[in-house]
Number of protein chains: 2
Amino acid sequence: MQDKPCVLLLNKALAVLRTDLEKSYRVAAAYDYASLDLLLDDFGNDIRVLITFGGYPPAPALLDRLPDIGLIAVPGAGFDGMDPADLQARGIALTSGAGSNAEDVADFAVGLMIAAARGICESERMVRGGLWTELVPSSMPRSIRDRPVGIVGLGAIGAAIAKRLQAFGCPISWWGPREKPDAPFRRAPDLLSLASESEILIVAAPLTAATRKLIGTELIDALGPDGLLINIARGDLVDEDAVIAALRAGRLGGAALDVQAEEPTPIGKWADVPNLILTPHIGANATASVRTATEMLMENLRRFFAGEPLLSPVRPSA
Amino acid sequence: MQDKPCVLLLNKALAVLRTDLEKSYRVAAAYDYASLDLLLDDFGNDIRVLITFGGYPPAPALLDRLPDIGLIAVPGAGFDGMDPADLQARGIALTSGAGSNAEDVADFAVGLMIAAARGICESERMVRGGLWTELVPSSMPRSIRDRPVGIVGLGAIGAAIAKRLQAFGCPISWWGPREKPDAPFRRAPDLLSLASESEILIVAAPLTAATRKLIGTELIDALGPDGLLINIARGDLVDEDAVIAALRAGRLGGAALDVQAEEPTPIGKWADVPNLILTPHIGANATASVRTATEMLMENLRRFFAGEPLLSPVRPSA
């Protein structure tokens with residue numbers, strides 16, 4: 001046992017990785033312990049790798065107590081809460097599962113968009129409630145191919161969404177801080193222009209200090225009363241209070257949010273908010289994403305311990 | 001007034017056409033009258049065209065009392081309940097809005113498929129109920145790109161669905177009674193093979209005497225416990241009792257039905273049926289479909305009264 005290197009699983013939801021990890025590593029699982037102190041008593045000096053989700057960074061005080069840690073590995077695309085420069089200063093590398101979940105998240109984003117645009121969840125609730133609606137011309141939704149879609153962030157996920165939406169025939173634009181000369185879609189001059197020109201805005205950007213509450217009142221009003229906001233990235237990209245106020249006032253047509261600022265989100269704040277779909281951060285919850293993210297994480301660990309270049313390192317931006 | 005030709009609107013839901021129609025025609029609206037007898041007293045001998053939906057055919061006894069009728073026009077793609085040969089024998093032509101709604105129905109079908117495959121409606125209900133689920137590996141849905149999709153009927157709607165699904169990367173096959181040498185998708189040797197090979201079966205066929213209850217127990221069992229049945233065509237294509245029994249027993253993985261045998265469907269029969277999405281026949285409920293179907297219908301009427309060849313006649317099959 002003691003000859004296997006030791007890795008720390010920080011989240012209960014990472015328990016799915018445990019069987020695979022235990023083939024090669026000693027696993028210290030935070031959820032096995034009543035407190036991290038007790039875990040550190042058992043494993044502290046042995047832990048070489050910490051595994052956690054984006055949004056669940058280890059506290060600096062925890063890192064201070066892991067003298068031999070050299071790698072933090074996150075299975076998903078997002079590593080929000082972890083600063084690769086700060087970690088590098090501590091001698092800790094960071095790897096992510098960038099790209100591993102792009103296809104499944106894009107599938108989900110398009111499903112959420114159609115569900116919101118065509119009233120699938122709402123009408124399903126009505127039918128379940130015994131109300132079978134007839135065609136009501138005043139509530140006739142606009143056809144998707146007539147609705148310009150704006151994608152915020154054309155990374156792996158944004159590009160996979162755009163590829164799908166091309167088949168639906170809707171005009172597609174995007175905005176992101178860096179030009180992408182190879183992208184076959186028009187880049188809006190800025191985010192506000194994108195929101196003004198779009199009827200559907202899909203948020204697919206990483207959460208960073210620069211993108212926190214990127215989608216606020218001004219952008220929501222630019223999207224407008226016929227506009228639909230879709231977020232499959234991170235809840236903190238969106239000012240939720242601004243969304244709630246705009247939906248209540250009819251200044252925003254609808255919102256479908258797979259992610260929320262706090263998860264689980266306190267449901268009371270959303271009560272009676274109209275034209276809203278909330279799902280529980282399940283965009284990447286599908287077999288291929290989990291399989292690929294697991295394979296990437298295992299390979300990053302293998303390379304780390306073999307002293308080889310990492311498969312998918314997150315490097316400090318220049 | 002009397003110099004305008006007279007057209008009969010048979011369904012209340014066709015009232016959206018009335019303003020356009022009244023520019024050129026006298027409109028006899030069945031929903032204005034307590035009985036058809038009273039309407040016939042006013043208009044019977046003048047009616048030249050009858051407008052109705054597929055699934056709502058005029059009774060032969062009504063046609064017997066319309067001596068001058070020469071055209072039945074349906075706004076949608078389906079003309080179920082009306083036999084072009086029978087009508088031809090009465091000297092009545094039939095026109096449909098074939099193709100008018102294909103894009104919107106295909107959008108809806110793909111949205112319904114993703115909603116069912118990825119648990120959008122179900123998880124949305126859980127979040128609304130204050131239950132914010134965490135990732136549960138045992139309920140991890142299979143990624144859409146790994147799930148072979150079978151399309152029953154590769155007409156305008158089926159082909160529009162297939163075109164969209166190509167962008168999602170899932171293997172696509174189809175079956176229909178006629179070969180389509182130009183179709184870029186594999187035609188299964190028969191419908192049972194299609195169901196056996198597919199994890200998702202999408203019904204996009206017309207309802208005829210030959211297709212009534214086409215999807216019965218044998219096909220449902222071929223689709224199986226991991227299978228998902230989507231119907232955006234006509235409810236009577238599917239044996240609803242067989243679907244309900246299979247869902248209850250876990251012999252079918254899930255079903256999403258925008259159409260039901262009786263509409264509004266008696267909701268009691270679906271109570272507590274698991275893994276089910278029911279929507280109220282809104283696949284074509286979007287602006288472009290309604291606009292195009294209206295334009296086609298108006299043009300068919302214009303041509304009929306001008307003695308020109310009809311735009312979209314439905315001819316008896318050879």
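This note describes a predicted model with chains A and B, point by point.

1. Basis of the note. Residues are numbered from 1 along each chain as its sequence is written, while chains are lettered from A and ligands numbered from 1 in the order in which they are written. As the model is predicted, local features need pLDDT of at least 70 and side-chain atom pairs count only at pLDDT 80 or more, whereas totals for chains, interfaces and linings use all residues.

2. Overall form of chain A. Chain A holds 11 helices and 12 strands; helices (H or I, at least four residues) and strands (E, at least two) are DSSP runs, numbered from the N terminus. Its C-alpha atoms fill a box of roughly 70 × 50 × 30 Å along the principal axes.

3. Among contacts in chain A between residues at least 6 apart in sequence, 60% join residues at least 24 apart.

4. Interface. The contact takes 53 residues from chain B and 52 residues from chain A. On the side of chain B that touches chain A, H5(B) gives the most, with nine residues. By class, this side has 28 nonpolar, 13 polar and 12 charged residues; Ala, Val, Leu, Ile, Met, Phe, Trp, Tyr, Cys and Pro count as nonpolar, Asp, Glu, Lys and Arg as charged, and the others, Gly among them, as polar. The copies meet through the same surface, because 98% of the interface residues of chain B are also interface residues in chain A.

5. Nonpolar cores. A nonpolar core is a set of buried Ala, Val, Leu, Ile, Met, Phe, Trp, Tyr and Cys residues joined through C-beta atoms within 7 Å. The largest has 137 residues, and those with the most contacts inside it are Ile202(A), Ile230(A), Ile202(B) and Ile230(B). Apart from it lies another core of 33 residues, including Leu9(A) and Val290(A).

6. Sheet in chain A. Seven strands form an open sheet with parallel pairing, in the order S8-S7-S6-S9-S10-S11-S12. Strands S8 (186–187) and S12 (276–278) of chain A stand at the edges with a single partner strand each, so one side of each is left without a neighbour in the sheet. Strands pair if DSSP finds at least two bridges between them. S10 (residues 228–231) and S11 (residues 254–257) of chain A pair in the parallel sense over four bridges, and Leu228(A) has Gly254(A) as its bridge partner in S11(A).

7. Strand S1 of chain B. Both faces of S1(B) (residues 6–9) are covered, with Cys6(B) and Leu8(B) buried on one side and Val7(B) and Leu9(B) buried on the other. S1(B) pairs in the parallel sense with S2(B) (residues 26–29) over four bridges, and Cys6(B) stands opposite Arg26(B).

Technical notes
Contact = placed C-beta atoms within 7 Å. Buried ≥ 20, exposed ≤ 12 C-beta atoms within 10 Å, placed from the backbone.
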